[in-house]
Amino acid sequence: MTRPSTRVLLDRAERLAEKRRPRLEEVLPLTEHPDPAVRAAHVRLLWAVPCDATFSRLMALLRNETHPGVLAATAHALGRYIWSGMQIDPFLDEEFGFAENVTIEQVEEARRCLHVLCDAEQLPSRTRFEALRALAHDPDDRTVARIDELARTGRLEDLLEAVACMGRSGLPRWHQVIMALLEETGEADVLRAALDAAGEACIEAAEPRIVQLTRHPDREVVLAAVWALRNVVVTEAGRQRLLELLDAPDLEVAERARAALVELDALDDEDMAGP
């Protein structure tokens with residue numbers, strides 16, 4: 001029987017990524033595929049299915065994998081254990097499921113392994129950055145220090161990565177840094193990174209500036225600003241701007257505005273529902 005082509009398998013991985021929770025048996029076998037692109041695509045999908053079998057496979061990849069792209073995907077998937085670790089309540093019975101099949105021991109081991117990847121100077125920066133992003137879901141002191149150091153190197157690539165980690169962490173210690181970067185006028189890449197970070201960190205104080213940036217001449221900045229508003233709008237002015245953008249001639253901008261309003265309305269519904 002003819003083996004499916006790489007393109008077919010990558011397309012399949014994209015379709016699986018659209019599922020809220022693909023079945024483990026759909027994903028796990030292809031994490032051993034001989035093509036590293038196929039391996040990486042399916043390893044990334046392991047984020048969605050945390051369990052003992054997933055964790056064992058990720059640990060095996062760390063021991064045996066050499067391809068930087070697959071290692072980056074492994075770091076991404078390990079980020080789920082860092083993220084889920086924040087939700088573990090040791091005082092509640094495991095049957096409540098707050099830990100999502102993740103144990104404290106797995107969280108600690110994932111954190112240790114991700115720090116090892118960050119320290120691996122022989123790996124390309126992309127792989128090490130992916131490990132740092134995974135740690136940024138719930139940064140310990142060592143991760144905070146790494147992010148601060150990265151922001152001070154003077155290299156644009158490092159700054160952009162540091163800002164992404166700052167936003168992902170949500171820590172108030174970096175809110176002013178992100179807001180200061182939103183005032184940048186010369187570098188569109190920095191603006192986009194700051195907008196993404198402000199949205200991810202839900203920095204509501206940034207709403208007025210982000211509304212301004214929905215009129216920026218750079219289309220990518222506008223797209224980032226519109227999407228950031230989904231998490232920062234607290235005034236009628238912000239919501240009104242999104243409503244105006246529903247009629248934007250740029251269809252992607254209009255779609256981003258619609259999606260942002262959908263998320264805002266979902267949050268309003270939750271607030272009205274009460275405890």
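Lys and Arg are counted here as positive and Asp and Glu as negative, with His and the chain ends left out. On this basis, the predicted model carries 33 positive and 50 negative side chains. The centres of the two sets are separated by 6 Å.

The secondary structure of the protein consists of 15 helices, with zero strands. The radius of gyration is 20 Å, close to the 19 Å given by the globule rule for 275 residues, so the protein is as compact as a globular protein of that length. The C-alpha trace extends over about 55 × 50 × 40 Å along its principal axes. Of the contacts between residues at least 6 apart in sequence, 61% link residues at least 24 apart.

A search of the whole structure returned zero disulfides. For Cys113, the closest cysteine sulfur is that of Cys118, at 11 Å, which is too far for a bond, given that a disulfide requires two cysteine sulfur atoms within 2.5 Å. Cys202 likewise takes part in no disulfide, the nearest cysteine sulfur being that of Cys165, 17 Å away. Cys202, at 39% relative accessibility, counts as partly exposed.

Definitions and conventions:
Residues numbered from 1 in each chain as written. Predicted model: local features only at pLDDT ≥ 70, side-chain atom pairs only at ≥ 80, totals over all residues. Heavy atoms only, no water. Helix = DSSP H or I, 4+ residues; strand = E, 2+ residues; numbered from the N terminus. Rg over C-alpha atoms; globule rule 2.2 N^0.38 Å. Contact = heavy atoms within 4.5 Å. Charge placed at Lys NZ, Arg CZ, Asp CG, Glu CD. Buried < 20%, exposed > 50% of the residue type's maximum accessible area, 1.4 Å probe, protein only.
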